[in-house]
Amino acid sequence: MERYLKAGSSFLCRQYAPHVLVMFLFCCMSGFFVSLRNLDALQAAKVMEMYFAFTGILLFTPLFMPEQDMDIFLLKRSKAMPLWRLYLIRLLEAVTLLTLVITVFILLMKQGGCVFSARNLWLGAFAEILFLGSIGYFVSAVTNQVVLGYMVSIIYFISNIGASKHLGIFGLFQMMRGEYGFAPVMLLAAAILAVVGIVIREKRAWS
Amino acid sequence: MFGTLFVKECKQILKSMVYYIYVVVFILFLSSQLSGELSESMEQPKPDQEGYGIVNSHEESAVMEKTLAGLVLETYHNSYATYPMGFYKAVTLNEAELEKIESIIESCTGKSWDQVVGELEDHFAKYNSGSMEEAIWAQTAYSVLPKEELEYQEFCEAMEKVCKIVGAGSAYKKESLEAGVGVPMTYEQAVEEFEALCNKDRITGATARLFCDYAGIILSVLPIFLGITRCLRDKRAQAVQVVYVHKSSSLQIIGSRYLANVCMAFLPVVFTSFIMQMPYQYHAKTLGVTPDIFAFLKYSCIWLLPEIMVVLAVSFLITESTENVISIFVQVFWAVASVFTSVSLEGNFGFQLVARWNALGDTNAFWMQRQELFQNRGFYFILSFAVLGLTVGIYEKKRREGESLYGKIFKGRK
């Protein structure tokens with residue numbers, strides 16, 4: 001257990017900290033850009049889907065960043081701890097932070113007199129933000145380029161502004177239309193992308 | 001030497017996946033925004049048409065009517081558009097605040113809130129809400145008459161009260177009222193506008209502006225990734241030291257990289273604009289107008305090239321200085337801020353990175369603001385060279401000292 005905690009805290013302090021800092025800065029600035037009071041269900045969904053969706057990109061895309069450097073990659077591969085466990089720890093850290101962000105902002109909206117189903121919004125926001133983040137995560141796993149991960153996930157977000165309906169169940173901003181049925185599918189898709197991403201990295205370790 | 005390096009860089013870019021994503025996204029974005037239906041909105045206006053579009057008015061009576069109409073609509077939906085930091089923020093009021101706004105509307109119109117809502121519903125019931133075109137007409141034609149004895153000064157004071165309730169950056173602040181309001185265009189004004197479209201823009205000029213408006217949005221983001229990828233490539237390939245000891249000067253190395261990126265980023269813009277101008281050239285001929293076949297190229301060079309140059313230069317500078325991807329966060333924020341802080345979707349260029357003219361036509365208004373656009377683009381053109389010069393200086397420093405800029409601070413603590 002101690003080894004896992006050490007691996008997690010080492011990543012958090014040495015590589016992940018700037019990204020977490022940017023994410024917190026982004027959340028702290030939300031008051032300037034979105035209102036968190038007197039919102040109905042559709043307006044609350046809009047805030048979550050249009051603004052806080054970016055936290056997924058910020059949290060999940062850089063998880064493979066340290067191993068972009070081949071020397072570090074080879075060094076990590078030579079260690080006793082398998083790479084998949086290391087990636088799983090990082091993934092758990094990102095999921096924990098995302099849970100924290102969504103919970104805090106849903107509580108703030110409730111305090112601001114917003115009227116919505118907290119359970120539905122929490123689940124929908126979690127599934128959607130996780131899915132968007134997992135796109136960046138997956139692309140950076142496949143290409144070994146974090147820049148491509150950011151690029152594809154940002155483009156996916158932008159393209160959804162006009163073409164969300166054409167992307168079916170995987171389209172973003174569905175809660176803004178009052179639809180919540182996408183959550184289980186997006187959660188499953190995010191889980192698949194996360195697992196496949198780790199498997200690709202692990203396979204790469206043995207090639 | 002510079003030429004050889006430039007060709008090598010171009011070849012490197014052609015091998016990059018980021019570049020192909022750039023090209024595909026750019027073409028898809030533009031083709032989804034600029035459709036062939038645009039030609040239909042460039043027809044000669046007819047006297048019996050239902051509407052001719054909107055024109056800006058500063059008349060006090062028009063300002064009061066249209067501002068009150070906006071306030072009634074926003075109160076009816078309980079959603080107020082505000083821009084406290086330049087970004088759009090929807091504000092929803094509670095019951096007590098809504099009652100205050102309703103009483104302000106009642107005092108300005110001399111009618112009860114229920115009466116005002118009744119008139120609003122009657123007006124919009126005349127139009128088919130399912131049709132986008134009719135919904136726009138309904139919005140354009142809707143106005144709320146103030147009571148006869150209401151003075152303009154009194155009206156402004158009432159709007160100040162609304163501002164205090166709704167919050168900063170609403171449409172009821174003094175500056176917004178002074179900027180005027182959109183009122184329906186008359187037939188005579190529409191004819192004058194059409195003549196300007198044919199004579200000054202020769203049709204293709206107007207569509208080229210719309211092309212630049214859409215392309216400018218996506219080009220404020222996409223080149224960032226090209227710049228970052230290029231600057232981090234040496235590090236990824238562990239070729240930094242090899243390049244550092246190369247006989248070429250820092251100016252040649254960074255200059256050739258930058259120029260190659262600018263050319264390759266601009267290439268799909270020229271290609272897309274050339275393809276997209278064809279239907280409009282044909283449409284101009286059907287109207288008996290000789291089209292300006294170089295309009296797309298001229299507008300692209302003046303409007304989009306300085307934007308690509310400055311976006312790439314800043315991404316080069318930040319990435320060479322920090323050696324990480326922080327440029328993505330900074331520049332995406334800059335781009336989004338520029339898009340959302342635009343006072344209007346037409347003109348008011350100021351020092352906006354993304355110059356907006358989201359209208360097909362409005363030729364006379366554009367020609368009046370043309371100088372402001374030239375100043376804006378000229379500023380970014382010069383800025384890109386200044387930023388590039390700074391990047392060359394930083395690269396030279398790193399080359400001489402063999403260190404990243406910030407690494408030395410920690411080294412000194414040993």
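User: Which residue does Glu307(B) meet in a salt bridge?

Analyst: This is a predicted model, in which local features need pLDDT of at least 70 and side-chain atom pairs count only at pLDDT 80 or more, while totals for chains, interfaces and linings use all residues. Residues are numbered from 1 along each chain as its sequence is written, chains are lettered from A and ligands numbered from 1 in the order in which they are written, and side-chain values use heavy atoms, with hydrogens and water left out. A salt bridge requires a side-chain nitrogen of Lys or Arg within 4 Å of a carboxyl oxygen of Asp or Glu. With 3.5 Å from N to O, the partner of Glu307(B) is Arg377(B).

User: How many residues apart in sequence are the parts that Glu307(B) and Arg377(B) tie together?

Analyst: Helices (H or I, at least four residues) and strands (E, at least two) are DSSP runs, numbered from the N terminus. Glu307(B) and Arg377(B) are both buried, that is, under 20% relative accessible area, where exposed means over 50% and partly exposed lies in between (1.4 Å probe, protein chains only). Glu307(B) belongs to helix 14 of chain B and Arg377(B) to helix 16 (residues 363–401) of chain B, so the separation in sequence is 70 residues.

User: Which residues are joined into one network by salt bridges that share partners?

Analyst: One of the pairs to consider is Arg230(B) with Asp234(B), which form a salt bridge (3.6 Å, N to O) and lie four residues apart in helix 11 of chain B, about one turn of the helix. Another is Glu320(B) with Arg257(B), at 3.9 Å from N to O. That pair links distant parts of the chain, with Glu320(B) in helix 14 (residues 295–322) and Arg257(B) in helix 13 (residues 250–286) of chain B, 63 residues apart. The network consists of Glu9(B), Arg230(B), Asp234(B), Arg257(B), Glu320(B), Glu323(B) and Lys398(B).

User: What share of the residues in chain B is buried?

Analyst: Chain B contains 17 helices and four strands, and its C-alpha trace spans about 80 × 65 × 35 Å along its principal axes. Of its 414 residues, the buried share is 50%.

User: Which residue has a side chain in polar contact with that of Thr75(B)?

Analyst: Thr75(B) lies in helix 3 (residues 60–77) of chain B and is buried, with a relative accessible area of 4%. A polar contact is a pair of N or O atoms within 3.5 Å; within protein, one must be able to donate a hydrogen and the other to accept it, and residues adjacent in sequence count only if both atoms are side-chain atoms. At a distance of 2.9 Å, the partner of Thr75(B) is Tyr80(B).

User: Is Thr61(A) buried or exposed, and what is its relative accessible area?

Analyst: Thr61(A) is placed in the loop between helix 4 (54–60) and helix 5 (70–78) of chain A. The C-alpha atoms of Thr61(A) and Val146(A) are 6.6 Å apart, although 85 residues separate them along the chain. Thr61(A) is buried, its relative accessible area being 0%.

User: Which side chain of opposite charge is nearest to Glu93(A)?

Analyst: Glu93(A) is part of helix 6 (residues 83–111) of chain A. Lys and Arg count as positive and Asp and Glu as negative, with His and the chain ends not counted. Glu93(A) is buried yet has no salt bridge, and the nearest side chain of opposite charge, 6.5 Å away, is that of Arg90(A).

User: How much area is buried between chain B and chain A?

Analyst: The contact takes 30 residues from chain B and 29 residues from chain A. Buried area is the accessible area (1.4 Å probe) that two parts lose on being put together, summed over both. Carbon and sulfur atoms give 71% of the area between chain B and chain A, which is about 2500 Å².

User: Which residue of chain A forms a salt bridge with Glu97(B)?

Analyst: Between chain B and chain A the count is one salt bridge. The closest N and O atoms are 3.7 Å apart, and the partner of Glu97(B) is Arg37(A).

User: Which element gives the largest share of the side of chain B that touches chain A?

Analyst: Three residue pairs are in polar contact between chain B and chain A (both at pLDDT 80 or more). The elements of chain B that give two or more residues to this side are helix 2 (17–33), strand 3 (89–91), helix 11 (222–236) and helix 15 (326–340). With six residues, the largest share comes from helix 11 of chain B.

Notes. Contact means heavy atoms within 4.5 Å.
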